[in-house]
Amino acid sequence: MHGGKGFGGGEATRDPGPTYYDPNDPKGKQQAIHKAESFAEYLAKRGSAGSWSAVVSPRSRAVASPPAVDYAAVRKELKLMMDNPSWDDGSLAPIFIRLAWHSSGTFDKASGTGGSNGAGMRFSTEAADPENAGLNAARAFLEPVKKRFPAISYSDLWVLAAYVGLEHTGGPAIQFHPGRSDHQDENYWKEKGMSYGRLPAAEKYLGDEVDAEGRVVGWERLSNHVRHEVFYRMGFNDQEIVALLCGGHVYGRAHPKASGYAGPWVENPTVFSNEYAADMIEDEWFLVGHEDTWLDEQGAAELRPALGKRQYVNQKRGGQAGDHPNQMMLVSDMILAWDPGFRPHLEVYAQSEERLKEDFGKAFKKLTELGCGF
Ligand code: HEM
């Protein structure tokens, strides 16, 4: 069973010092090209970090270009720190994936505001959004990497950390496009149309009752929130929403001290799979709250949410400890099974991990590039 160690910190594994390349040195340039994961990545690097060809001879008085970022070396460093036995289920991939999603998930198509460009969560206003609770740990884990590679923007680093985490755990390999730049202060809130509360909430607009089929009354309103107020606002369709949730919530766990929810969605929360989609359809799910202390007695204390929160679990009152590995679903997860617009896509992903991997990879790239201008 998982300890769920939570948000106490934990020392990231460090690797030997990275190699820096001097763009004025033709040998360094060659090495950088060679080290880049692909030529496209190398070209993208040129675009964002100051073109190599713009670098003039040392004698010239021209203003120097910003230092180039060795993205292959950043990737290497991120990969080395990804497995971390001191953290949760042993991997930083889940919290990095969530950081990238929450930095991107503020995008609003109509006004063009929000999105991963800017890394606004470094500042107190966005960091204090209740939906971002706990992500300070992810940002702190990445701080040493930023110190080693100061030329990479925070907004690029957060997205790259998620991509490396996905690839490292058997998820899709997403081509990284650098070029995001960081807000220098909180003035971005004054931009036309920027507003608070753009991230989804797991129990918004719900009533207290449960219907004859065990669904929380008002789930259609929650579905409307997720679909229209959040994902359509960013420019996604139903299939992409389902792909994003099935690929995202196969990772990691909820922490009572952060969101109030508790436990992992799947048995193996540090590897990519379609387990979330398959289990949502195949397993039986029961609504529980903080008062359900029988969970503790049945070996499922890690699934008991904080006071005032409700979630679905795969444990039944009166069952035997160890009947099932401890797993949960938020009410906002269950709408994928209940909503007739989402359900057909869920069924596809429950059948095919390959299809999920492909569609999730595409949707996650789109998500993390919203508003970036490329
Ligand atoms: C309706 C939309 C969504 C809602 C309401 C939601 C809600 C949540 C909540 C409440 C948590 C627990 C946070 C904690 O206690 O630490 C969480 C964790 C997580 N979410 Fe979501 N989420 C949504 C969509 C997504 C998407 C689209 C992705 C990625 C593509 C994603 C990736 C994750 C990951 C990886 C974690 C685990 C983090 C960790 O282990 O620290 N979520 N989500």
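## Exercises: a ligand shell and a helix pair

The ligand is surrounded by 25 residues, and the closest are Pro-94, Gly-248, Gly-252, Ala-254 and Ser-259; a residue is near a molecule if its C-beta atom, placed from the backbone, lies within 6 Å of it. The model is predicted: local features need pLDDT of at least 70, side-chain atom pairs count only at pLDDT 80 or more, and totals for chains, interfaces and linings use all residues. Residue numbers start from 1 along each chain as its sequence is written.

**Exercise 1.** State which elements give two or more residues to the shell around the ligand.

*Solution.* Step 1: these elements are α4 (93-104), α9 (238-248) and β1 (253-254). Helices (H or I, at least four residues) and strands (E, at least two) are DSSP runs, numbered from the N terminus. Step 2: α4 supplies the largest share, five residues.

**Exercise 2.** Describe how helix α6 and helix α7 pack.

*Solution.* Step 1: α6 (residues 135-148) and α7 (residues 154-168) pack at an angle of about 120 degrees, and their axes are 11 Å apart. Axes are lines fitted to C-alpha atoms over the stretch in contact, with angles from 0 to 180 degrees between N-to-C directions. Step 2: α6 is therefore oblique to α7; angles under 35 degrees count as roughly parallel, over 145 as roughly antiparallel, 65 to 115 as roughly perpendicular and the rest as oblique. Step 3: Leu-142, Val-145 and Lys-146 of α6 make the contact with Tyr-154, Leu-157, Trp-158 and Ala-161 of α7, where contact means C-beta atoms, placed from the backbone, within 7 Å.

Notes:
Two residues are in contact if their C-beta atoms, placed from the backbone, lie within 7 Å.
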